[in-house]
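Please keep the sequence and the structure in view while reading.

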Amino acid sequence: MQKPTFHAVLVAGAALLPLAVSMAAAQQSPGTVSKADGLAAWKRIEAVVTHPRCANCHVGTDNIPMWTGLGFSKNRPHGMNVQAGTSRIGAESIACSTCHMKSTAPNTVPHAAPHVGLDWQLAPVGFQWFGRTPAQICVQLSDPKRNGGRDAAGLVKHLREDAAHKGFVQWGWQPGGGREPAPGSLDAHIKDVQVWGAAGMPCPD
Ligand code: HEC
Ligand code: HEC
């Protein structure tokens with residue numbers, strides 16, 4: 001996957017708020033965290049949403065999931081000519097669930113089709129991250145018209161609910177079978193989304 005450089009603009013000029021910004025800021029309302037701290041949180045969010053464990057399902061209109069890691073030197077399209085179709089679940093050809101069974105058991109076997117506690121499927125095409133720049137992903141993720149009608153709290157709710165079902169999000173951090181997990185942890189990611197939200201969801205230029 002393309003990894004565009006993120007120009008970390010640590011905004012000397014951005015007015016820092018008088019209060020020290022800490023994780024406690026996560027509980028505060030929008031506008032209570034400085035733009036610089038919001039951008040720093042975004043940089044960590046960016047590392048998650050561009051990571052193959054997340055982006056390989058958040059693909060575009062070709063409806064083809066991606067494979068990365070475990071001996072594949074770089075991203076490649078899913079093997080066996082898998083095509084998710086506009087249904088995004090493979091209804092038009094072979095359903096994802098034929099191989100990706102619904103199960104909350106841990107994934108342990110290398111190269112086995114991963115399973116989670118939800119029906120395996122691509123993310124809706126409007127939520128495409130793969131092949132987009134971090135700045136593009138940031139803008140769409142901060143726009144309720146493009147992220148499923150969610151503000152920052154709504155994004156956090158999605159992450160928590162998905163994890164409660166042992167779904168895709170928690171699989172990203174516990175992919176098993178020798179796959180590299182997404183960076184950080186679910187808890188740290190949730191805190192970052194809260195801080196980013198409290199700063200008004202700033203995006204890199
Ligand atoms: C197996 C495929 C799959 C993987 C892997 C996956 N997702 Fe998703 N994702 C989905 C689906 C399906 C939806 C739509 C669910 C909904 O909106 O209720 C979604 C929606 C989302 C949304 C809603 C808002 C938006 O604009 O996308 C977020 C946030 C999200 N995923 C985060 C993640 C993160 C973080 C990871 C990695 C830790 C991840 N996803 C990995 C399938 C996946
Ligand atoms: C014929 C069986 C089969 C079907 C059908 C199938 N998969 Fe897979 N999938 C696999 C196998 C096997 C792996 C593990 C590949 C490996 O790690 O070597 C896998 C892995 C994946 C991964 C993880 C890739 C990574 O690098 O994190 C994603 C995402 C994925 N499949 C999405 C889908 C989607 C979406 C569908 C339905 C459109 C689907 N698959 C249909 C067998 C299948």
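Ligand 1 has 20 residues around it, and the nearest of them are Cys54, Cys57, Ala123, Phe127 and Gly172; a residue counts as near a molecule or strand if its C-beta atom, placed from the backbone, lies within 6 Å of it. Two or more residues of this shell are given by each of helix 1 (35-49), helix 2 (52-55), helix 4 (152-164) and helix 5 (168-173), and helix 5 has the largest share, with 3 residues. Helices (H or I, at least four residues) and strands (E, at least two) are DSSP runs that are numbered from the N terminus.

Sorted by class, the shell around ligand 1 holds 13 nonpolar, 6 polar and 1 charged residues. Here Ala, Val, Leu, Ile, Met, Phe, Trp, Tyr, Cys and Pro count as nonpolar, Asp, Glu, Lys and Arg as charged, and the others, Gly among them, as polar.

This is a predicted model, in which local features need pLDDT of at least 70 and side-chain atom pairs count only at pLDDT 80 or more, while totals for chains, interfaces and linings use all residues. Residues are numbered from 1 along each chain as its sequence is written, and chains are lettered from A and ligands numbered from 1 in the order in which they are written.

## The surroundings of ligand 2

Around ligand 2 there are 25 residues, of which Pro65, Ala84, Gly90, Cys96 and Cys99 are the closest. Helix 2 and strand 1 (66-69) each supply at least two residues of this shell, and strand 1 gives the most, with 3 residues. By class, the shell around ligand 2 consists of 15 nonpolar, 9 polar and 1 charged residues.

## The fold as a whole

The protein has 6 helices and 2 strands, which follow the pattern α-α-β-β-α-α-α-α when read along the sequence. Of its 205 residues, 29% count as buried; a residue is buried if 20 or more other C-beta atoms lie within 10 Å of its own, exposed if 12 or fewer, and partly exposed in between, with C-beta atoms placed from the backbone.

## Helix 1 against helix 6

How do two packed helices come to be described? The angle between their axes and the distance between the axes are used. The axes of helix 1 and helix 6 (residues 186-198) come within 8 Å and cross at roughly 140 degrees, where axes are lines fitted to C-alpha atoms, for helices over the stretch in contact, and angles run from 0 to 180 degrees between N-to-C directions. The two helices are therefore oblique to each other, since angles under 35 degrees count as roughly parallel, over 145 as roughly antiparallel, 65 to 115 as roughly perpendicular and the rest as oblique.

In this contact, Asp37, Gly38, Ala41, Trp42, Arg44, Ile45 and Val48 of helix 1 meet His189, Asp192, Val193, Val195 and Trp196 of helix 6, with two residues being in contact if their C-beta atoms, placed from the backbone, lie within 7 Å. The contact of helix 1 with helix 6 has 7 nonpolar, 2 polar and 3 charged residues.

## Two residues with positive phi

Most residues other than glycine have a negative phi. Lys166, in the loop between helix 4 and helix 5, has a phi near 50 degrees, which is positive, and Lys166 counts as partly exposed because 19 C-beta neighbours lie inside 10 Å. Met201, in the segment after helix 6, also has a positive phi, near 50 degrees, but Met201 is buried, with 21 other C-beta atoms within 10 Å.
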